[in-house]
Amino acid sequence: MVTMSDDDELLLARIGYKQELKREFSKWSTISYAISILGILGSVPATFGAPLAAGGPATAVWCWAFGSCMALCIGSSVAELVSAYPTAGGMYFVTKYVVPEEHVPVFSWVQGWCNLLGQTAGVASVTYTVSQMLLAAASMNSGLVRSGVYRYSPTAVDTVLLAIVLLCVLGVICSLTTKTLHRIIFWFAPINITATIVICFVLLSSPDKQSASWVFTHFTDGSGWGSKMFSFLLGFISVAWTMTDYDGTTHMSEETHDAASLGPLAIQSAVIVSGLMGWLLTICLCFCITDLDAILDTPTGLPAAQIFLNAGGQTGGTVMWGFAILVQFFTGCSAMLADTRMAYAFARDEAVPFSRTLSKINPATKTPLNAVWSVVGASILLTTIAIGSTQTATAIFSITAPALDLSYVSVILAHHIYRDRVPFVEGPFSLGQWRGVVNWVSIVWVVFISAVLFCPPKVPVTGVNMNYGIFVGAFIGLFALVWWWVSGKGKYTGPRTNDYIQGIPTEELDDECYGTFH
C-alpha cells in the first residue's frame, strides 16, 4: 500500500532529489507557518508609521486593502509554480523548468543568489525590528524625564547587540528537530490571530476616537513631493514589507506532508487571513489617532506603540505591545527557517562556497544545522553595519520586499515567455483560465510599485532621508553576475537533479494528480 509519505518521497525522487529531511509538518502547522512568516500583529505596528507619515490615515488604510489584493495575485502565481515542484529550493528550483536548457545555469544562479541574499536581509531586518520594539518597550516604561523625553533612550549599539542575541536565540530554535518545530509553529497563528482580535477590541473600546470620515478619507502630503497621489503610493511600503516571502512556505516543502497541495493552500490562506487581519488592525489604529502630529513625533519612536499606550495606559499598552513583539519574534523564526532551507538547497546544488559543509544533514536532528548557523552568521554581519551607519543598514533591510518580489515575477514572466518552448507539468494547484490575468497583474504591479518604493520617501532629499535601496538592489544583482563569471560559469549547471532521477519507479505515483516529469 502506497501512503501519502511514500507519494511525497516518490514525487521528490521524480523531481530529482532523495529524501533527507523528515516530513513532520501537517496541514495546520504549515498554514500556521505561512501566516506567521507574514506576522501581522508584529509587522503592522512596526511599519505603521511609514504610510501614516507619507499620506495620513486614509493612505495607511487603503494602501493595505489594495496591497493585500495585489499580494493575493502574487502569492497565487507563486503557489501555482511551486505546486508543480515542491522542493526546499522554492522558486529558485522552479527556474529549471521555465527557461530553455541553455539559459538555466545563469538564470538559476542569479535567482538563487537574489533569493538567498534577499531572505538573509529579511531575517536581519525582522530581528533588528524586534530589537527596536523591545527597546521601545523598555524606553516607554523608564519614565519621562521631561515632556517628550524618556529616561532611557536606546543607542544604535544597544539595538545591534540585542539583535545579535536574538539572532542566536532564533538559531537555537531553528536547530531543533522538525517534529519539535512542527509542535512549536502550530501555535504561532492561533496566538497571532487571537491577540490581533483582542487588541482591535481594546483599541475600539478607547473613549477618544476619530470619526470614520477622517480615518477613511483624510489624505495628506507628508512626503513633501507636492502630490497626495505620490505620497499615497509611498504608503505601500508597510504592506509591501509585510506581505512578501510567499515562497517561504515552500522552502519547508521537504518537511511537509503532501507539500504539493498544502503549500499552495497555506500560501493563499496566509495572504487572505493576514490581509484581512492587517486591514482591520490598521483601521483600529487609525481610529485611535487623536493627534496626528503628536503620534508621528512620539518619544517611543514608533507611532503604534504610542497608540497602544494611549488606548491601554501604561500597563495595558505594554501588554499589547508585548504581544506585538512576540508575534514579530515568531516572524523572525519563520523567516530564518525559510532562509536556512534555501541555503541548504542552494548548497546541495553546489552554488555557494563550502557547499558540501552547508548541505550536510545533522544525523541527530535530521536538519541542516550548518546552513542554520551560516544564516545566523551572515545576518549578524549585516546587522552590525547599523553600528556604523543606521542609514546603510536600513537600506539593506528595505531591499527585502522588492528583491524577493522582483525575483518571483521574473520567474513568472520567464514562464510566460518560454511556455511554448519549455514543457511545464502542472501540480495539484492551478489557476486555470485565470492564470494569464493573475500573472500579468502580479508582474505589472511588482515592477511599478518597486520603482515607486525605490524613490526617496521625502523631499528635499538629503543624505539622511535618501533611499539607498536601489543601490543595494543593484549591488545584489551585480554581485550575483560577477560571482557567476568568477565561480559559477562552466561549473554550475542549475539545480542538480540527475544524481537521483535515474531508475525511480514512476508507476507508483498518481499521475492524475502530479503529471509526469520530463
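How exposed is Lys366? The close-ups below start there. This is a predicted model, in which local features need pLDDT of at least 70 and side-chain atom pairs count only at pLDDT 80 or more, while totals for chains, interfaces and linings use all residues. Residues are numbered from 1 along each chain as its sequence is written, and side-chain values use heavy atoms, with hydrogens and water left out.

View 1. Lys366 is partly exposed, with a relative accessible area of 37%. (Buried means under 20% relative accessible area, exposed over 50%, and partly exposed in between, with a 1.4 Å probe and protein chains only.) Look for Lys366 in the loop between helix 16 (355-358) and helix 17 (369-388); helices are DSSP runs of H or I with at least four residues, numbered from the N terminus. Together with Lys22, Lys179 and Arg183, Lys366 forms a positive surface patch. Such a patch joins like charges within 9 Å, using residues with over 30% relative accessible area and no salt bridge.

**View 2. Helix 2, tucked inside.** Helix 2 (residues 27-38) is largely enclosed by the rest of the structure, because 10 of its 12 residues are buried. Among them are Ser29, Tyr33 and Leu38.

**View 3. Glu80 meets Arg435.** These side chains form a salt bridge (2.8 Å, N to O). Glu80 sits in helix 4 (residues 49-84) and Arg435 in helix 20 (residues 435-453), 355 residues apart. Both Glu80 and Arg435 are buried. A salt bridge is a side-chain nitrogen of Lys or Arg within 4 Å of a carboxyl oxygen of Asp or Glu, and the structure holds 5 of them.

**View 4. Arg421 meets Glu102.** Here the salt bridge is 3.3 Å, N to O. Arg421 lies in the loop between helix 19 (400-417) and helix 20, and Glu102 in the loop between helix 5 (91-94) and helix 6 (104-140), so the pair ties together parts that are 319 residues apart in sequence. Both Arg421 and Glu102 are exposed.

**View 5. Glu254 meets Arg348.** This salt bridge is 2.9 Å, N to O. Glu254 is in the loop between helix 12 (237-242) and helix 13 (259-287), and Arg348 is in helix 15 (residues 303-348), so parts 94 residues apart in sequence are tied together. Both Glu254 and Arg348 are buried.

Conventions. Patches are made of residues with over 30% relative accessible area and no salt bridge: like charges are joined within 9 Å, nonpolar side chains (Val, Leu, Ile, Met, Phe, Trp, Tyr) within 5 Å. Accessible areas come from the Shrake-Rupley method with a 1.4 Å probe; for residues, only the protein chains shown count as cover. Lys and Arg count as positive and Asp and Glu as negative; His and the chain ends are not counted. The place of a charge is taken as NZ of Lys, CZ of Arg, CG of Asp or CD of Glu. Helices (H or I, at least four residues) and strands (E, at least two) are DSSP runs, numbered from the N terminus.
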